[in-house]
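Me: Please set out the terms applied to this structure, and show for each how the value meets its definition.

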Amino acid sequence: MDILSGLPDATVIRDPGDLAPFMVDESHVRGVLPLAMVKPHGPRALRELVRRAKGEGFGLVPRGAGTGKAGGCVPTARTVVVDLSAWPGALRVSPQDLCLHAPASTPLREVKAAAEAHGLFYPPDPNSWESCALGGTLATNAGGPNACKYGMTRHWALAVDALLEDGEIHTFGISSVKANAGPALGQLLIGSEGIFGFILGATLRLTPRPREFTTLLLPVTRWESLLDLPGHLCGAGYLPSAFEFFDPAVLAELRAHGPEAARRLPGEALAILEFDERGCGSEAFLEGLLDLLGPLAEHLEVASDERQRQNIWAVRRMTSVFLKERHPHKVSEDIVVPRSRLREFFEGLDRLACPLVTYGHLGDGNLHVNLLAAGETEPAQLEAQLMALFRLALSLGGALSGEHGIGLAKREAFLALGDPAQLRALRAIKQALDPQNIFNPGKVI
Ligand SMILES: Cc1cc2nc3c(=O)[nH]c(=O)nc-3n(C[C@H](O)[C@H](O)[C@H](O)COP(=O)(O)OP(=O)(O)OC[C@H]3O[C@@H](n4cnc5c(N)ncnc54)[C@H](O)[C@@H]3O)c2cc1C
């Protein structure tokens, strides 16, 4: 019998041709053909789906917008993809409580726009913010440029509505920053990449919207001179709301093949620095900053209006897509090291003598390390290069991933290099919450 026949309140797709797009996300990994794709329209569908998954022994792979970069939403063997893009519910802003509630299907851009319409701000801003879904950002604990000042998605989630293996929806947390009645179980779901259950909605913390920005293009002639700057700025009491960079190779690619705005980018390497605190547009602020930057500021450009600011950000935001179009078989990693260890990290990278390029979130030590020639590299050699990269990040007190998560792409490295006690704890939690391993099997742990 068809395991999904008569499933209530859902759209079901079984045609292999229609299922093919669900085998991939924005990472380099490819899943297998799923048994089906189900788009639930309400709780009845999910309740029944969980019951059948447990009874028939198939897995459920939650999917948001499929922009993930770790292969988290691609199907493994004998699984059904659960596309949550039609999950119902309304977005409600509560300015008095400085929060909003939204269903997981809400595009992140709508979450940010709703906050802004009330003069408020929801900071998490993965560079995919115009295309990803709120549920995906919660499940991956997404970061983005603003994370260096505002932290990650988990720092903005007050409560999470989640469907667990009993087939019911439970809310963890309340609409207040103060909640201390026991460990924060909702936080366990954030960043869990769908292995504990489905996130169906969340209450998110908001803050008053910044009204002033200073956005700087900081071209440098010796790119290593940027490496101590994140630590320097923080040590001197300057906390940028974003500090992004392109290494010489990425900048050269952008200049040679990128859109018109990228062709004019100056420098051997380039940083984008943004501040958003009150007074950051004043001359006094800029003078203090210039003093601190010293000779580094020689070619500094300041965005003079919002249009220029948006142009700068447009180039940064298209970089990932641009590189993927130019190098479709590249492997992109997103290691992180403490910002004070960036120089040691790049010295270590030089010693690895591996062909790679870097760009990304220099301000918080989260670097997108791209192996552009991965498609032409022997699998064993590629694996050795990636393991060496991960070991380097770990040796400096960093981690395998700063924001994209583990998914399928980094699972083997995570299991090989992870702390045994932490892996044991994670397995025990998975066993307690999902004893039949129906939620996103084969991912993370
Ligand atoms: C151009 C580009 C730029 C990016 N920039 C950034 C960046 O700056 N920072 C960053 O952190 N990420 C970035 N990403 C990665 C990605 O966009 C984010 O991880 C995003 O949060 C994923 O959202 P999604 O809706 O597409 O999730 P998906 O890709 O659909 O899923 C991601 C993971 O979450 C799980 N999942 C999805 N929805 C749910 C749910 N409702 N309940 C439970 N589990 C669920 C999936 O099973 C999978 O494991 C970028 C991606 C692209 C393509």
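Predicted model: local features only at pLDDT ≥ 70, side-chain atom pairs only at ≥ 80, totals over all residues.

Reply: Two residues are in contact if their C-beta atoms, placed from the backbone, lie within 7 Å. Residues are numbered from 1 along each chain as its sequence is written.

Me: What pLDDT does the chain average?
Reply: The average is 97, and 100% of the residues score at least 70. Confidence is lowest in helix α9 (residues 260-263), at a mean of 91, and highest in helix α4 (residues 134-140), at 99. Helices (H or I, at least four residues) and strands (E, at least two) are DSSP runs, numbered from the N terminus.

Me: Why is I335 called buried?
Reply: A residue is buried if 20 or more other C-beta atoms lie within 10 Å of its own, exposed if 12 or fewer, and partly exposed in between; the C-beta atoms are placed from the backbone. I335 has 26 such atoms within 10 Å, and is therefore buried. This residue lies in the loop between β16 (331-333) and α12 (342-352).

Me: Which residues does I335 touch, leaving aside those up to four places away in sequence?
Reply: By the contact criterion, I335 touches L367, V369, L389, F390, A393, G398, L400 and G402.

Me: What makes the buried residues of helix α8 line one face?
Reply: In α8 (residues 248-257), V250, L251, E253 and L254 are buried. Seen down the helix axis, they fall within an arc of 160°, so they line one face; the arc is that of the directions from the axis to the C-beta atoms. An α-helix has 3.6 residues a turn, so residues three or four places apart point the same way. The buried residues of α8 pack against β13 (242-246), α9, β14 (269-275), α11 and β17 (357-361).

Me: Which residues come nearest to the ligand?
Reply: A residue is near a molecule or strand if its C-beta atom, placed from the backbone, lies within 6 Å of it. Of the 38 residues around the ligand, G64, G68, G72, G135 and G136 come nearest. Helix α4 gives the most to this shell, with five residues.

Me: How is the chain divided into domains?
Reply: The bounds come from an automatic or database domain assignment, giving domain 1 (92-208) and domain 2 (214-395). Their contact takes seven residues from domain 1 and 12 residues from domain 2.

Technical notes. pLDDT = per-residue confidence, 0-100.
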